[in-house]
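Please look over the structure below before reading the briefing. The points after it are grouped by topic.

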Amino acid sequence: MGLSSCKNPSTEHATPQEVVTKVKKAAQLLKDQGMKGLEVLRDGSSEFSWKDTYVFSFNCAEDKVLANPAFPDRVGGDIKQHTDFNGFRYGVKMCEESGRPKGVWVEYIWPRPQGGDPMRKISYVMTVKSLGIQVGSGIYNETITLEELNKLIE
C-alpha cells in the first residue's frame, strides 16, 4: 500500500492551500479534457501526486472510484461503501456534501500513502458539474480545525 509509483514521495506535508489549488486545477483539467483527464489523475508521477498526498476522483451517481494513484486497487470500487479505520462511511459523506458550490472538507481516519499508522485526514472535495463527477485531495493533520479550512474556500 502506498505511493511507490508517485513522484517524489517525501516527508514534506501538503498544505491546505495546495490541496484547494490542486483540486481546482484537476477540476479544470477534467472540464477541458473530459473523462480522458482521469488518465492524468491516475498517474502517480503527475503533478497531482505531490508531497504526502494526491488527487482522487469518483462518481457518486455511478457509485464508483475513478482515480486514486496512491491506492489504485480502489479504482472501480464502490465509493459509498468505503469506510475509514473507525468504520465511518466517508464516501457517503463526500457524496452528500460535494455538491456545495465551493466544495466541502470531510474528515476521516486514513493512512498516509507512504505508510504508517492511520491518522486524521481532511479532504477537500468538489463536483465537476459538467461531467457529474467528484474530485478531491486531502491533508494529514491532527490539529487544524474545519473552521480554519472552510475560510480557505469561502
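The side chain of Asp-52 makes a polar contact with the side chain of Arg-112, at 2.6 Å. This is a predicted model.

**Asp-52**

- Asp-52 sits in the loop that runs between strand E1 (49–50) and strand E2 (53–59).
- Is Asp-52 buried or exposed? Asp-52 counts as buried because its relative accessible area is 3%, and the cut-off for buried is under 20%.
- Leaving out residues up to four places away in sequence, Asp-52 touches Glu-12, His-13, Ala-14, Arg-112, Pro-113, Gln-114 and Tyr-140.

**The cavity**

- Rolling a probe the size of a water molecule over the atoms shows where empty space is left.
- In the whole structure, a search finds one cavity of 30 Å³ or more.
- The largest cavity holds about 120 Å³ of space.
- Its lining is made up of 15 residues, and those closest to the centre are Phe-56, Asn-68, Ile-79, His-82 and Tyr-90.
- Two or more lining residues come from each of strand E2 (53–59), strand E3 (64–67), helix H3 (90–97) and strand E4 (104–110).
- E2 supplies the largest share of the lining, with four residues.
- Sorted by class, the lining has 10 nonpolar residues, three polar and two charged.

**Helix H3**

- Which residues of H3 are buried? They are Tyr-90, Gly-91, Met-94, Cys-95 and Glu-97.
- The cover over these buried residues includes E2, E4 and strand E5 (119–128).
- Tyr-90 is both a buried residue of H3 and one of the residues closest to the centre of the largest cavity.

**The nonpolar cores**

- The largest nonpolar core has 26 residues, of which Val-19, Leu-41, Trp-105, Tyr-124 and Val-135 touch the most other members.
- Helix H1 (16–33), helix H2 (38–42), E3, E5, strand E6 (133–140) and helix H4 (146–153) each give two or more residues to this core.
- H1 gives the most, seven residues.
- Beyond its neighbours within four places in sequence, Tyr-124 is in contact with residues including Val-19, Val-20, Val-23, Trp-105, Val-135 and Ile-153.
- Among its other contacts are Lys-24 and Lys-102.
- A second, separate core has 18 residues, including Val-65, Val-106, Trp-110 and Val-125.

How values were computed
Residues numbered from 1 in each chain as written. Predicted model: local features only at pLDDT ≥ 70, side-chain atom pairs only at ≥ 80, totals over all residues. Heavy atoms only, no water. 1 Å grid on protein atoms, 1.4 Å probe; cavity = no way out; pocket = protein on both sides within 12 Å on 5 of 7 lines; lining within 4 Å. Points joined across faces, edges and corners; volume = space filled by probe spheres on them. Nonpolar A, V, L, I, M, F, W, Y, C, P; charged D, E, K, R; others polar. Buried < 20%, exposed > 50% of the residue type's maximum accessible area, 1.4 Å probe, protein only. Contact = heavy atoms within 4.5 Å. Core = buried A, V, L, I, M, F, W, Y, C linked by side-chain atoms within 4.5 Å. Polar contact = N/O pair within 3.5 Å; in protein donor to acceptor, adjacent residues only side chain to side chain.
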